[in-house]
Amino acid sequence: MNIMDFNVKKLAADAGTFLSRAVQFTEEKLGQAEKTELDAHLENLLSKAECTKIWTEKIMKQTEVLLQPNPNARIEEFVYEKLDRKAPSRINNPELLGQYMIDAGTEFGPGTAYGNALIKCGETQKRIGTADRELIQTSALNFLTPLRNFIEGDYKTIAKERKLLQNKRLDLDAAKTRLKKAKTAETRASQLNATRLEGDNIMIWAEEVTKSEQELRITQSEFDRQAEITRLLLEGISSTHAHHLRCLNDFVEAQMTYYAQCYQYMLDLQKQLGSFPSNYHCNNNQTSVAPISSAASSNVIGSSSLTPTSGLVITTPSNLIDLKECSGSRKARVLYDYDAANSSELSLLADEVITVFSVIGMDSDWLMGERGNQKGRVPITYLELLN
C-alpha cells in the first residue's frame, strides 16, 4: 500500500467520523437521540473554568485601559508584541505637561514668581510621569503577563481537551445509537424467521450487534480516559486562582507605591508653592488676593495652610504678623526646606533656627532672615516664631 492509498483511506475514515458526529449532534438538538451527560463534578469544573476565563479577560483588558488610556497606543503595543519587537519609548502625558511647564517657566524667567512656580510644577509632573511609567512596567510584568499567559496558554489547553471530550462523547453516543438500532433489527428479524432469507438476516444482524458492542466498549474507554484528562486539567483552576491572587497583591502594592509617590511629590510641591508672595497668587481674572487679617489668621490651626479658593491664598501665623508690627529681631525655626528663587531671598533648611526681623514696605508674607553673614527675604509660612 502506497502513501497515496493510506492518505485516501485516512481521509475517508476522518470524513466518516465527522459525518457520524454531525448526525449525532443534530439528532440530539432535535430531541431524536439520547445524550450522555457528564458527571456533576466535571460539569462544575467546566463551569468554573469558563467563568475564570471570562472574568480574567475582562479584568485584563480593563487593566490595560487603566494603565494606557490611549487606544491607539494600546493597538500599537499589541502589534509590536505580536511581531515580537519592542515598542518604541514614548513620552507620557504627565511628562509632556511637565516639559511644557518647564519650557514656559524658562521663557517667562526663572527669577519671576510665575516662571519659578511653573518650573517647580513641571519638575513635579515629570516625577509623576516617571512614577507612572514604573507603575505600568511593574503591573505589566507582575499582573498582566500572568493573566495573559493563562488565557493564551493554560485555558487554550483546557479548551482543546474539552473539545476533544465533546467529540469522544459524540462518538460514544453514536456507538450507543448504532447498537440500539442493530438490536432492534435483530429482534425484528427473529420474529420473521419463517424463511431462509430471514435466517440469513438474523445472522447478519447478530454480527452487527457484536460489532456494535465492541465499538461501544472502545468508545466508552476512550471517553472515560478523555474525561479523566480533562478533569485533571480543570482541577488546576484552583491553583490558577491562588497564583492570580498573588499577582493581584503585587498589582495593589505597585498602585500603593505609585499613589504614595504622587502624594509625596504633590505635598512637596505644595510646600514650595507656599513660598511665593500672595500678591502673585490670583484667579483667572488676575485680581490680587486681599491680605488676610490678624484676626482671621489667628483661627488657623498650625503654622501655615492653603485655603481652597479660586486662587491660592496663604495664611500667615498671627505671632509672625505681630512681629512685623514691632521693631527688633526674633529667633524663628524653619518648618520646611526652601530654595531661594533669586539673590534677594535666603535658602532655608528644615529645623534650622534663624534670626528674622521686619522691614518697612516689605510684602506682608515675607520677613528678612539672617544666618551668620547671609541675609535675604524668607517666606513667613515657612517659619515658626520661638519664644
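Modeller: Let us begin with a definition: a polar contact is a pair of N or O atoms within 3.5 Å. In this predicted model, such a pair occurs at the start of α4, where a side-chain oxygen of Asn92 comes to within 3.0 Å of the backbone nitrogen of Glu95.

Colleague: Where does α4 run, and what distance does it reach from its first C-alpha to its last?

Modeller: Helix α4 covers residues 93–108, which is 16 residues. Its span from first to last C-alpha is 22 Å, close to the 22 Å expected at 1.5 Å a residue. Just after α4, Gly109 adopts a positive phi of about 115 degrees.

Colleague: Which residues of α4 are buried?

Modeller: A residue counts as buried when its relative accessible area is under 20%, and as exposed when that area is over 50%. In α4 the buried residues are Pro94, Glu95, Gly98, Ile102 and Gly105. They lie on the same side of α4 because they cover an arc of only 95 degrees around the axis.

Colleague: What do these buried residues pack against, and what does the face turned away from them carry?

Modeller: The buried residues of α4 pack against α5, residues 113–191. The face turned away from the buried side carries the exposed residues Asn93, Tyr100 and Glu107.

Colleague: How many helices and strands does the protein chain have, and what is its average pLDDT?

Modeller: The protein chain has nine helices and seven strands. Its pLDDT, the predictor's confidence in each residue, averages 79, and 75% of the residues score at least 70. Over residues 277–316, however, the pLDDT is below 50.

Conventions. Residues numbered from 1 in each chain as written. Predicted model: local features only at pLDDT ≥ 70, side-chain atom pairs only at ≥ 80, totals over all residues. Heavy atoms only, no water. pLDDT = per-residue confidence, 0-100. Contact = heavy atoms within 4.5 Å. Helix = DSSP H or I, 4+ residues; strand = E, 2+ residues; numbered from the N terminus. Expected span 1.5 Å × (residues − 1). Buried < 20%, exposed > 50% of the residue type's maximum accessible area, 1.4 Å probe, protein only. Arc of directions from axis to C-beta. Polar contact = N/O pair within 3.5 Å; in protein donor to acceptor, adjacent residues only side chain to side chain.
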